[in-house]
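Reader: I've got the model open and I'd like to know what stands behind the labels. Can you walk me through the rings?

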Amino acid sequence: MPKRYGVKDKDVAVAHIVSGLLDGSLRPGDRIDRTEIAGKLGMSRVPVQEAVNQLERDGIVAIPYHRGVFLERFDAEVVEEHYEVYGMLSGIASARAATRRPAELLTRLRDLVIQMSGADDPEVFENVVWEFRRAINQAVAGPRLRAAISTFQGFMPTAFWLACAGQQREYMLPMYVEELDAIEHGDPDRARAVVVGRTARMAVTVIEELRRRGVFDRSETDRHEIDRDSSDRTPERNRHA
């Protein structure tokens, strides 16, 4: 296999395993054969092991002692949890940007929103969105926060998001406009709320796409929605029981 210049073998192995999870060729509970993956990708077992270690930290695989590597649970609730935490972390950064409002960052974000508005190509739009988040994180987030956010950003490959392009641009563009407005007006609570709301909507998009692909069984996904709605209607006095 040709050398992948500029791409770490470990990241290639991560993408390979995650892609299998997202297209349904790998299922929760499946055993990950590191030797087989190394051979298929044309690399040594070292980067594959590095990939597995990262995926264990990310909660995607489990490595029981002396039993091998297995895919963790993966369902609609797991996807929601993923985006809930990602929204909280990104919301911290956006709220911080709204509090500090560095002039250079504001100028950069305004320019990026203009680019988003004119981006008809889904891949161009996705790249600009990525740059918007990166600009905020680089300007106001510390190294620990940036590292935590990057863990969640890298889970869904760009190719997966491009498959959802028709759905995501419609709701994401107005929310990025609103996020910028909140940052410009020094409203950290609104900036945080916009980010949390947007990532919750991203979770819905991902779940719908995985359902369409047959990765999530429709009856299981519908049951999850019913359970969540029932939880939302639970009287406040019983929620902490």
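Predicted model: local features only at pLDDT ≥ 70, side-chain atom pairs only at ≥ 80, totals over all residues.

Reader: What makes Arg198 a residue that lies over the face of Tyr176?

Author: Arg198 is at 3.8 Å from the ring centre of Tyr176, and the cut-off is within 6 Å. Arg198 does lie over that face.

Reader: Now the aromatic pairs. How many are there?

Author: Three in this structure.

Reader: Why is the pair of Phe74 and Phe216 called tilted?

Author: Their centres are 5.3 Å apart and the planes are at 50°. Rings pair within 6.5 Å, and planes under 30 degrees apart count as stacked, over 60 as edge-to-face and the rest as tilted, so this pair is tilted. Phe74 sits in the loop between β2 and α4, Phe216 in the loop between α10 and α11, 142 residues apart. Both are buried.

Reader: And what makes Phe132 and Tyr176 edge-to-face?

Author: The angle between their planes is 75°, and over 60 counts as edge-to-face. The centres are 4.9 Å apart. Phe132 is in helix α6 and Tyr176 in helix α9, so the pair ties together parts 44 residues apart in sequence. Phe132 and Tyr176 are both buried.

Reader: How do you know whether Glu209 is buried or exposed?

Author: Its relative accessible area is 2%, and buried means under 20%, so Glu209 is buried. Glu209 lies in helix α10 and touches Phe160, Ala163 and Cys164, leaving aside residues up to four places away in sequence.

Key
Residues numbered from 1 in each chain as written. Heavy atoms only, no water. Phe/Tyr/Trp six-rings, centres within 6.5 Å; stacked < 30°, edge-to-face > 60°. Helix = DSSP H or I, 4+ residues; strand = E, 2+ residues; numbered from the N terminus. Buried < 20%, exposed > 50% of the residue type's maximum accessible area, 1.4 Å probe, protein only. Lys NZ or Arg CZ within 6 Å of the ring centre and 35° of its normal. Contact = heavy atoms within 4.5 Å.
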